[in-house]
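Here are my notes on this model, point by point. Please read them with the coordinates open.

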Amino acid sequence: MEQFIVSARKYRPASFETLVGQDGIARTLKNSILSGQLAHAYLFCGPRGVGKTTSARIFAKSINCLNPGPDMEPCGECESCRSFAEGRSYCIHELDAASNNSVDDIRTLTEQVRIPPQVGRYSVYIIDEVHMLSQQAFNAFLKTLEEPPAHAIFILATTEKHKILPTILSRCQTYDFNRIGIADMVSNLKMIASKENVEIDDDALHIIAMKADGAMRDALTLFDQSVAFCGRKICYEDVVRNLNVLDYEYYFKTLDAALAGDYTSAIVLFDRILSKGFNALHFVGGLSGHLRDLVVCKNQASQYLLNLPPTLIKRYNEQAARCSVEFLYKALGVTTNCEAQYRGSGNQRLLVEFALMKLAMINAAPVQAAVQSPAPAVQTPAPVAANPAPFAPSAPAAPAAPAVPEAPAAPTAQTAPAAKLPGMSSIKAAMAKVQGTDKPAVEVIAGTFSRDTFTKAWNEFAESTRPLRAALCDYILNNIPEWPEQGHEFVFELLNAAQQKWVAGNLLDKMVTYLRSRTGCNDLNVQLRIKESAPEEHKPYMPLERAQAILSDNEQVRELKREFDLDIL
């Protein structure tokens, strides 16, 4: 049986022309060879599988080629090129820093650098994964890297540039390799498939390129895996099943269900996705990406941002035409919030299902607002009914019921909602009493959010905190946030970090929930910030501040703390 060579090795680029997705770097390196301006040290950095080591090999072959082409491409036929291809070159050396990272390894390298090349003009040393060198090895390498012999050139390759010492970086020309684009990967895979006599459609190639995440080596590995699974004829469905990729169809169906307000179908589809072994967070992230692509499709000027095959772009355009920008904006808010809360959730499946329900309710929200709007309209003429507020907590809704038969039959449409209002106001009043205020709850009509509405809700919440901390209540009342210029994010300024930490941990969530419910503004948010110019002297507020004040004013207490080795909690 003929020995199989994986595509990543078989089709590894051997010249700058065959290098995929790094045209700028290839042109720069060729120009430096043409002009004879070769540095003594280069640093190639970037993600995995984008051609760092391959570019280093091509560059080393080019500068040592005895018969280079007009554009300085290696000929591949001279003694230097053939010896490198056969693995017997004595002028191009490769070193793996992951397994040769000690001072002794670097000392051996510095001694080897003194030997001039036997064939070619330069001795090129390619050190892969150079960030794996130890601190002592880096220091031992500094002098040789700064002033190497005239025939020595170092090419360092790494995926983690931030781990390399600044003294090393300053001695190298740095080239940042980018992730390879999907279009470039699809084109290269199509060329390789034709050479291997493999039939594969564009949608399958696109899935492989998406799964590779910008790494050409990963794409070739996935291509080999697909050939092993499907044979010489590969279709989109087989690639999706083999690579365990979430099909675009799931996202289209999920959003169709959300547009129709059918949360049941969305939840059932999500259960089917989980039963196939897919991760829920991966599904939510993919749904966010799907919504982003729909946003891009809304305008012809931005459609070039889509990295999709033409058949899919048509489907995206069709679904985007049925989605309003407002719907996509709210849907992205739901999915991104779900992603942010996923890892900290105790019931992650329920969190995703709740997000799907929110998506289905976006288009139904105006209908609910229209149904609820008559209720406050009936309640607004009832400020006179504020007199029964004292007995509202006892919920005496039953006596109001007999009054309905005595009224004429015509106004029954008006009296029916009125029969429900006392019960609702009783619940609101009871909740207000528990929160520390006897004021009846105020129903705010959706869409009437204003400065007065917010101020009133803020003061009510402040009063509800009085039983907990009277000083905190007074502070909140006296420090109403400024009205934001844009959006609904208010800034609540506090005196110090201890106060900010306590409010964030014990009060912020309740504050935001209360303000949203009273103002009808669901995207209202409160941000905590310490005052830039806090007063120089202020009364100790938090327990920790009070304890520190006592310690600073009383020598006996400080002596007691030192004697018994006490801690301030």
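1. Start with helix H5, residues 103-113, in this predicted model. Its buried residues are Ile106, Leu109, Thr110 and Val113. Viewed down the axis of H5, these fall within an arc of 100°, so they line one face of the helix.

2. Now the aromatics. The whole structure holds 17 aromatic pairs. One of them joins Tyr42 and Phe59, edge-to-face, at 5.1 Å centre to centre with 75° between the planes. Tyr42 sits in strand E1 (residues 41-45) and Phe59 in helix H3 (residues 52-64), so the pair ties together parts 17 residues apart in sequence. Tyr42 is buried, at 0% relative accessible area. Phe59 is buried too, at 0% relative accessibility.

3. Tyr42 also pairs with Tyr175. The ring centres are 6.0 Å apart and the planes meet at 35°, so this pair is tilted. It links distant parts of the chain: Tyr42 in strand E1 and Tyr175 in strand E5 (residues 173-176), 133 residues apart. Tyr175 counts as buried at 10% relative accessibility, because the cut-off is under 20%.

4. Ring pairs connect Phe454, Trp458, Tyr475, Trp483, Phe490 and Phe492.

5. Last, a charge over a ring. Arg315 lies over the face of Phe252, 4.1 Å from the ring centre.

Notes. Residues are numbered from 1 along each chain as its sequence is written. This is a predicted model: local features need pLDDT of at least 70, side-chain atom pairs count only at pLDDT 80 or more; totals for chains, interfaces and linings use all residues. Side-chain values use heavy atoms; hydrogens and water are left out. Buried means under 20% relative accessible area, exposed over 50%, partly exposed in between (1.4 Å probe, protein chains only). Helices (H or I, at least four residues) and strands (E, at least two) are DSSP runs, numbered from the N terminus. The arc is that of the directions from the helix axis to the C-beta atoms. Rings of Phe, Tyr and Trp (its six-membered ring) pair if their centres lie within 6.5 Å; planes under 30 degrees apart count as stacked, over 60 as edge-to-face and the rest as tilted. A charge sits over a ring if NZ of Lys or CZ of Arg is within 6 Å of the ring centre and within 35 degrees of the ring normal.
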